Amino acid sequence: MRLKADKIEFYYNARKILDKISFEAREGEFIGLIGPNGSGKTTLLRIINKILEPKAGSVYLDCKKLSEMDWKEIARELACVPQETQLDFNFKVFDIVMMGRYPYLGRFSLEGEEDEEKVRYWMRLTNTLHLADRSIKEISGGERQRVLIARALAQEPKILLLDEPTANLDICYQIEIMNMLKRLVREIGLIIICVIHDLTLAARYSDRIILLKNGRIVEMGRPWEVLTEENIRKVFNVEARIEYDRRSGSLIIVPIKPVSEEALSVRDERVRMLARSRVRERS
Amino acid sequence: MVGGLRGSAEEVEARRPRIIYERLLRWRMILIYLMIGLCATIIIATAIGPVYIPPSEILYIIAHKLGVSSAVSEGHMKIILQIRLPRIILGCLIGAALSLAGVIMQGLFRNPLADPYILGVSSGASLGAALSTILLPPLIGIYTTPLAAFLGGLTAITLVYGVVKLTGRFTIGSLLLAGIAIAYLFSAVLSIVIWLLSRDSHKILVWIMGGLWGADWLRVKIILPILLLLTVISLGFSKDLNALLLGEETAQSLGVNVSLIEKLLPILASLLTGVAVAFAGAIGFIGLMMPHIMRMLVGPDHRILIPSSALAGGIFLIWADAAARCLMEIPVGVVTSLCGVPFFIYLMRRRIE
């Protein structure tokens with residue numbers, strides 16, 4: 001399975017939200033989507049999920065155009081855990097995960113034994129099987145997030161989209177969920193595209209990072225290529241220190257202080273040159 | 001047989017009763033209990049009236065009618081078969097239809113305060129039905145009034161949508177306010193129309209309050225097949241409605257064609273309301289109360305919520321009508337409103353908390 005976004009453009013009213021976004025994702029790749037608020041991350045996820053139609057360009061799953069596939073067909077290839085899921089109603093955890101099987105069921109058919117086997121399998125993997133009989137309203141935030149991920153996995157997708165899966169979770173749940181996602185990418189070759197606010201977390205888990213600003217891809221590549229002090233200053237307006245941690249084998253990003261606008265514009269050109277030379281040095 | 005008592009974890013796991021079968025069994029039991037409740041309700045409600053006829057005699061009469069011969073009183077048989085039973089069966093069907101319309105609207109708007117009466121669909125349907133009986137010759141026979149009621153209801157819900165869109169943001173507050181405004185508008189127009197054209201204030205009362213006075217077997221025969229068909233169609237959308245409860249975005253990523261069902265389900269709800277209103281006027285609050293009570297009892301899954309709400313709606317309206325009959329034939333809509341308004345306030349309070 002390959003996911004390809006080709007020159008996607010999107011407008012909200014007259015405002016351009018996404019501008020010629022192109023990238024590809026292959027089997028077994030964890031892609032982190034980072035950028036400041038309003039840079040178009042969530043919009044991009046929604047377009048990949050066909051919730052929004054791009055004004056120009058298209059998304060391809062293998063060679064099929066997303067806009068020409070029907071909803072159920074997409075749901076079998078691509079699952080999504082949105083930033084917020086409404087859970088006002090008293091569903092049991094098991095029923096929520098079982099909804100992941102809907103794309104495989106006919107209008108009047110009920111779930112069969114095979115569906116339950118699959119749901120149990122994913123619940124065991126996400127460590128949620130013991131919650132099966134509980135109400136979705138009475139479990140903790142971390143458990144709920146795992147349940148929603150189990151629901152998405154029960155769709156048996158090739159591509160999983162996540163919008164800040166670890167927001168509002170304590171660090172233990174954060175790494176638990178991220179480790180689980182990483183394992184899925186390694187073991188079953190899932191493609192994950194994940195919006196992450198925490199840059200250190202993004203650096204640690206992403207195979208590749210896409211850095212967005214004002215609806216444009218500023219930089220795309222390995223974490224150490226994208227997460228440079230210059231890029232962070234340019235995109236987030238933040239002075240940051242970046243260090244390499246030997247034990248985890250990944251980068252640590254420490255934000256220091258905001259940079260003022262005018263200083264940035266003067267420096268902009270120099271920053272870009274510097275960034276380019278750094279990449280050259282490494283390669 | 002070879003093999004020990006203890007097995008590996010997988011074997012133990014495999015031997016566990018499947019959750020899907022437990023669930024199916026539970027659903028079956030719920031429906032069986034409700035069916036029993038409905039049968040008991042029908043028999044007891046038939047017994048109640050100006051002349052008390054004991055339930056045992058009712059069973060004899062039904063048996064007699066079905067061909068099992070037994071001696072029955074001719075007079076009682078007439079009361080039961082021509083007056084009480086058609087009214088009770090009609091009440092059951094109308095209660096079921098309104099309750100179903102409520103389930104669909106609450107699922108669609110993801111809010112337990114939605115109801116065909118509160119959102120003005122019933123008023124629109126009343127206006128349509130009243131206009132058709134006063135103005136139109138029965139163009140397509142007995143289906144003229146239900147069709148006119150359906151179109152009225154559809155107009156109302158379209159207007160409510162329009163008003164909500166006009167205000168910009170889709171919140172439950174704006175939805176309810178728009179519904180109330182449209183309901184008033186249609187009630188006012190209805191009163192004017194009836195006042196100008198027939199000068200019969202009793203008719204206004206029938207359409208606005210709702211009552212089961214004109215019940216006969218013909219009406220039962222018209223509603224029954226329509227209701228069964230609409231119930232089956234609603235059941236076909238039950239998984240979509242479940243998914244929709246998790247939000248539009250999640251529903252869409254589960255393969256639900258959200259824009260399609262957001263067009264189709266209001267039509268379905270208007271049809272159900274239209275059928276009910278055409279024969280009994282605007283009876284309120286059943287669509288609000290029944291789905292909510294059943295959701296507390298059977299859970300939010302629409303595959304069980306839809307049939308059980310329909311049955312509960314039938315049972316409730318039979319009892320409400322029995323009460324109305326005992327209280328000097330007041331409109332049954334008054335009884336349901338007397339139960340419904342406190343319930344509505346309770347729901348609002350719970351939401352605010």
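In the predicted model, four strands of chain A form an open sheet in the order β2-β1-β4-β5, and their pairing is antiparallel. The edges of this sheet are β2 (15-25) and β5 (64-65) of chain A, each of which pairs on one side only. Strand β1 of chain A, residues 3-12, is joined to β2(A) by seven bridges in the antiparallel sense. Within β2(A), L18(A) is the bridge partner of F10(A).

Chain A as a whole contains ten helices and twelve strands. Its radius of gyration is 20 Å, close to the 19 Å given by the globule rule for 283 residues, so chain A is as compact as a globular protein of that length. The C-alpha trace of chain A spans about 65 × 45 × 35 Å along its principal axes. Of the 283 residues in chain A, 39% are buried. Contacts in chain A were also examined by separation in sequence: among those between residues at least 6 apart, 65% join residues at least 24 apart.

The domain assignment divides chain A into domain 1 (3-222) and domain 2 (228-283). The C-alpha centres of domain 1 and domain 2 of chain A are 28 Å apart. Ten residues from domain 1 of chain A and eight residues from domain 2 of chain A take part in the contact between them. On the side of domain 1 of chain A that touches domain 2 of chain A, at least two residues each are supplied by α7 (199-205), β9 (208-213) and β10 (216-221) of chain A. The largest share of this side, four residues, belongs to α7(A). Sorted by class, the side of domain 1 of chain A that touches domain 2 of chain A comprises five nonpolar, two polar and three charged residues.

Chain A also touches chain B. This contact takes 26 residues from chain A and 22 residues from chain B. On the chain A side, the elements giving two or more residues are α2 (71-77), β6 (78-81), α3 (93-98) and α4 (113-125) of chain A. Here α2(A) provides the largest share, four residues. The class composition of the side of chain A that touches chain B is 16 nonpolar, four polar and six charged residues.

Notes. Residues are numbered from 1 along each chain as its sequence is written. Chains are lettered from A and ligands numbered from 1 in the order in which they are written. This is a predicted model: local features need pLDDT of at least 70, side-chain atom pairs count only at pLDDT 80 or more; totals for chains, interfaces and linings use all residues. Two strands pair if DSSP finds at least two bridges between them. The radius of gyration is taken over C-alpha atoms; the globule rule is 2.2 Å times the number of residues to the power 0.38. A residue is buried if 20 or more other C-beta atoms lie within 10 Å of its own, exposed if 12 or fewer, and partly exposed in between; C-beta atoms are placed from the backbone. Two residues are in contact if their C-beta atoms, placed from the backbone, lie within 7 Å. Domain bounds come from an automatic or database domain assignment. Ala, Val, Leu, Ile, Met, Phe, Trp, Tyr, Cys and Pro count as nonpolar, Asp, Glu, Lys and Arg as charged, and the others, Gly among them, as polar.
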